[in-house]
Amino acid sequence: MCAFACRAGETPTFYRDVLPILQTHCQACHRPGQIAPMPLETYQQAARYAASIKAVTQSRTMPPWFADKCCGHFSNDPSLTTGELSTLAAWADAKAPAGDSKDSPTAPHWTAGWNIDQPDVVFKMPVAKHLPAHGDVKYQYIIIPTHFKEDKWVSMSEIKPSNRAVVHHAVAYIRDPKSNWLRGAPTGVAFSADDLPDPAMRHDAMWTDSDILLVYAPGSLPDRWPNGFAKLVPAGSDIVLQMHYAVHGQAGEDQTGIGLVFAKTAPAKRVLTLQLTNDKFQIPPGDPSYRVEVHGSLPNDALLMSFFPHMHLRGKTFEYNLVAPHGRVQTLLRIPNYDFYWQLSYRLATPLLLKAGTVLQAVATFDNSNKNVHNPDPAATVTWGEQTWAEMMVGFFDVAVDPAIDKKTFFQRPR
Ligand code: HEC
């Protein structure tokens with residue numbers, strides 16, 4: 001039975017009923033060159049997967065989405081409606097009829113190789129990083145000068161590893177010409193903090209107040225800011241890529257790049273990526289639900305745009321809350337079943353104006369028990385660390401502010 005996309009009593013067909021769903025909900029990943037294992041663009045490609053399409057949509061494993069319906073509405077929520085779910089199920093049950101190809105919707109326009117518009121500029125690691133088959137690889141930094149002669153407003157950006165199998169995460173920082181961070185370190189070649197001669201510089205490698213352009217992690221989406229919103233890359237800035245590689249028994253190489261689309265007009269709002277971080281926890285061995293909390297008050301008014309929670313393999317739940325003066329908690333986003341292999345951003349359908357002084361809280365729980373199939377060592381006491389066998393607790397969030405305000409001025413509290 002199909003409830004919505006096809007007429008009552010009729011069996012859904014591929015071209016008329018199924019293809020439109022695949023186009024809007026699946027093909028961003030299920031097309032050549034993207035992260036999914038197989039394309040779902042043609043009848044032949046989809047028909048052989050009809051039964052598993054039904055199974056993974058009924059179980060809501062596809063499309064991947066982890067926000068609890070309890071809280072918040074998100075503009076990038078790809079979830080299928082009950083009507084779409086029953087269309088896919090009825091189509092599979094009817095042995096995947098093709099129908100008439102004349103009923104096809106117009107093919108969506110994809111930018112070849114990207115999930116953003118055609119980039120105005122692509123910055124790529126100048127040389128590929130060779131990776132060993134085994135062992136931990138220290139965070140690699142690659143400084144790439146933009147040579148921008150003027151300030152650039154970036155409305156979309158996408159980080160694209162050349163080898164997704166080895167990139168555990170990547171952060172693209174904007175090092176503006178006034179910043180001293182990693183100044184004097186080599187440009188264009190990958191190095192780790194340990195390679196730096198100066199102990200102070202080694203120590204500072206991980207800690208920077210540079211603005212973040214974009215974070216990439218498994219399953220994550222590119223940035224596409226709404227009209228009137230953009231990130232600023234000041235003239236003379238460098239892009240600093242921080243690469244975390246995780247290898248799985250096979251030597252290889254990677255040459256990650258980042259594509260930028262410039263805003264067509266000067267934006268009304270500047271987007272800043274901020275973070276709530278707790279790096280002082282100790283997760284006891286075997287604990288199935290260890291709670292880690294962090295909160296902070298906003299130094300200035302800001303429009304809250306989106307969230308990106310980050311933990312490692314023991315991550316279990318994650319929550320962003322507003323805490324009112326009398327302790328009343330309002331949950332903005334709740335991830336009841338965090339999945340390390342699907343790190344998504346969650347964009348508020350309606351950005352939320354937060355007044356200066358508003359307390360924003362992030363709460364994570366970690367599962368360090370042997371029930372957690374991803375747990376590398378339930379007997380370990382786990383603390384903060386770069387590698388996946390250690391943990392992280394970072395609640396990234398994006399805010400929009402006046403275009404003249406940078407991260408440093410945003411953090412100056414008015415007296
Ligand atoms: C955000 C990217 C993304 C979206 C959107 C997405 N998929 Fe997937 N899909 C993947 C990835 C990656 C895998 C393989 C890894 C996994 O199974 O978790 C996968 C696996 C699958 C599989 C299992 C393949 C197998 O080997 O049996 C099916 C079936 C599937 N997807 C169908 C769909 C359908 C139908 C939609 C839309 C309703 C969809 N997917 C949306 C990324 C995506």
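Analyst: Let's start with the interface of domain 1 and domain 3, where the rule finds one salt bridge. Keep in mind that this is a predicted model. The salt bridge in question pairs the side chains of D68 and R334, at 3.5 Å from N to O. On the side of domain 1 that touches domain 3, the residues split into nine nonpolar, four polar and one charged. Polar contacts turn up too: between domain 1 and domain 3 there are five residue pairs of that kind, counting those with both residues at pLDDT 80 or more.

Now step back to see where those domains sit in the chain. The domain assignment puts domain 1 at 14-103, domain 2 at 116-266 and domain 3 at 268-415. Domain 1 brings 14 residues to the contact with domain 3, and domain 3 brings 16 residues.

Next up is the start of the chain. T13 sits in the segment before α1, the helix spanning 14-25. Is T13 buried or exposed? T13 counts as buried because its relative accessible area is 14%, and the cut-off for buried is under 20%. If you skip the neighbours within four places in sequence, the residues in contact with T13 are V18, W91, P97, A98 and G99.

Salt bridges deserve a tour of their own, and by this rule the model has twelve. One of them joins the side chains of E10 and R16, 2.9 Å from N to O. With a relative accessibility of 30%, E10 is partly exposed, and R16, at 21%, is partly exposed as well. Another salt bridge brings together the side chains of D93 and K54, again with an N to O distance of 2.9 Å. K54 has a relative accessible area of 26%, so it goes down as partly exposed. Then there's the salt bridge between the side chains of E150 and K152, at 3.5 Å from N to O. E150 is partly exposed, its relative accessible area being 48%. Some of these bridges share partners, and in that way E10, R16 and D17 end up in one network.

Last stop, H310, which you'll find in strand β14 (residues 302-310). H310 is buried because its relative accessibility is 5%. Its contacts beyond the neighbours within four places in sequence are H168, H169, Y338, Q343, M392, M393, V394 and F396. With Q343 there is also a polar contact, side chain to side chain, and for H310 and Q343 that distance is 2.8 Å. If you want one more distance to check in your viewer, H310 and A364 are 54 residues apart along the chain, and their C-alpha atoms are separated by 9.7 Å.

How values were computed. Residues are numbered from 1 along each chain as its sequence is written. This is a predicted model: local features need pLDDT of at least 70, side-chain atom pairs count only at pLDDT 80 or more; totals for chains, interfaces and linings use all residues. Side-chain values use heavy atoms; hydrogens and water are left out. Domain bounds come from an automatic or database domain assignment. Contact means heavy atoms within 4.5 Å. A salt bridge is a side-chain nitrogen of Lys or Arg within 4 Å of a carboxyl oxygen of Asp or Glu. A polar contact is a pair of N or O atoms within 3.5 Å; within protein, one must be able to donate a hydrogen and the other to accept it, and residues adjacent in sequence count only if both atoms are side-chain atoms. Ala, Val, Leu, Ile, Met, Phe, Trp, Tyr, Cys and Pro count as nonpolar, Asp, Glu, Lys and Arg as charged, and the others, Gly among them, as polar. Helices (H or I, at least four residues) and strands (E, at least two) are DSSP runs, numbered from the N terminus. Buried means under 20% relative accessible area, exposed over 50%, partly exposed in between (1.4 Å probe, protein chains only).
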